[in-house]
Amino acid sequence: MTTSSDQPVPPESSAVQTEMLGFLARRTGRTWATDADVFGSGGLSSLFAMELVVHLEKSYGIDIRGADLRMENFRTVRRMAALVERLRQPAPGGSGA
């Protein structure tokens, strides 16, 4: 059985991760790993969580709503990139014409 961390990272996700690592470094003044728990380390507030949501929405042209606003989607850079990639996908049953 493979875990999600064993899966190859799609190039788009890798680019999102790189950008998010830079964003976090600029905003917090420290270096982050893709699997570091950005909220578990302390010092980051719920206000910062909302800043992350706004940043992701504006940077990647996505809407984060409802169940996607769970803290678990924002704990690590890897999870944020996965959320962006998922929300960039066309909705199932969406109009293709």
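Start by selecting T76, which lies in the loop between α2 and α3, where helices are DSSP runs of H or I of at least four residues, strands are runs of E of at least two, and both are numbered from the N terminus. This is a predicted model, in which local features need pLDDT of at least 70 and side-chain atom pairs count only at pLDDT 80 or more, while totals for chains, interfaces and linings use all residues. Residues are numbered from 1 along each chain as its sequence is written, and side-chain values use heavy atoms, with hydrogens and water left out.

With T76 still selected, note that its relative accessible area is 9%, so T76 is buried (under 20% is buried, over 50% exposed and in between partly exposed, with a 1.4 Å probe and protein chains only). A polar atom of the T76 side chain lies 3.0 Å from the backbone nitrogen of R79. Leaving aside residues up to four places away in sequence, T76 touches T34, D35, A36 and D37, a contact being heavy atoms within 4.5 Å.

Now zoom out to the whole protein chain, which holds 3 helices and 0 strands and reads α-α-α along the sequence. Of its 97 residues, 32% count as buried, and among contacts between residues at least 6 apart in sequence, 52% join residues at least 24 apart.

Next, select M20, L24, F39, L52, L56, F74 and M80, which touch the most other members among the 22 residues of the largest nonpolar core; such a core is a set of buried Ala, Val, Leu, Ile, Met, Phe, Trp, Tyr and Cys residues joined through side-chain atoms within 4.5 Å. The elements that give two or more residues to this core are α1 (11–28), α2 (46–60) and α3 (77–88), and α2 gives the most, with 6 residues.

Within that selection, go to F74, which is found in the loop between α2 and α3 and counts as buried, because its relative accessibility is 3%. Although F74 and F39 are 35 residues apart in sequence, their C-alpha atoms are 8.4 Å apart in space. Beyond residues up to four places away in sequence, F74 touches V38, F39, L52, V53, L56, I64, D68, L69, M80 and L83.

Move on to M20 in helix α1, a residue that is buried, with a relative accessible area of 0%. M20 and A81 are 61 residues apart in sequence, yet 8.1 Å apart from C-alpha to C-alpha. Apart from residues up to four places away in sequence, M20 touches L52, H55, L56, V77 and M80. Select L52 as well: with the same exclusion of residues up to four places away in sequence, L52 touches M20, F23, L24, F39, F74 and M80.

The last stop is the 1 aromatic pair in the model, under a rule by which Phe, Tyr and Trp rings (the six-membered ring of Trp) pair if their centres lie within 6.5 Å, with planes under 30 degrees apart counting as stacked, over 60 as edge-to-face and the rest as tilted. Select F23 and F48, whose ring centres are 6.5 Å apart and whose planes lie at 20°, so the pair is stacked. This pair links distant parts of the chain, since F23 is in helix α1 and F48 is in helix α2, 25 residues apart. F23 is buried, with a relative accessible area of 7%, and F48, at 7% relative accessibility, counts as buried.

Conventions. Polar contact = N/O pair within 3.5 Å; in protein donor to acceptor, adjacent residues only side chain to side chain.
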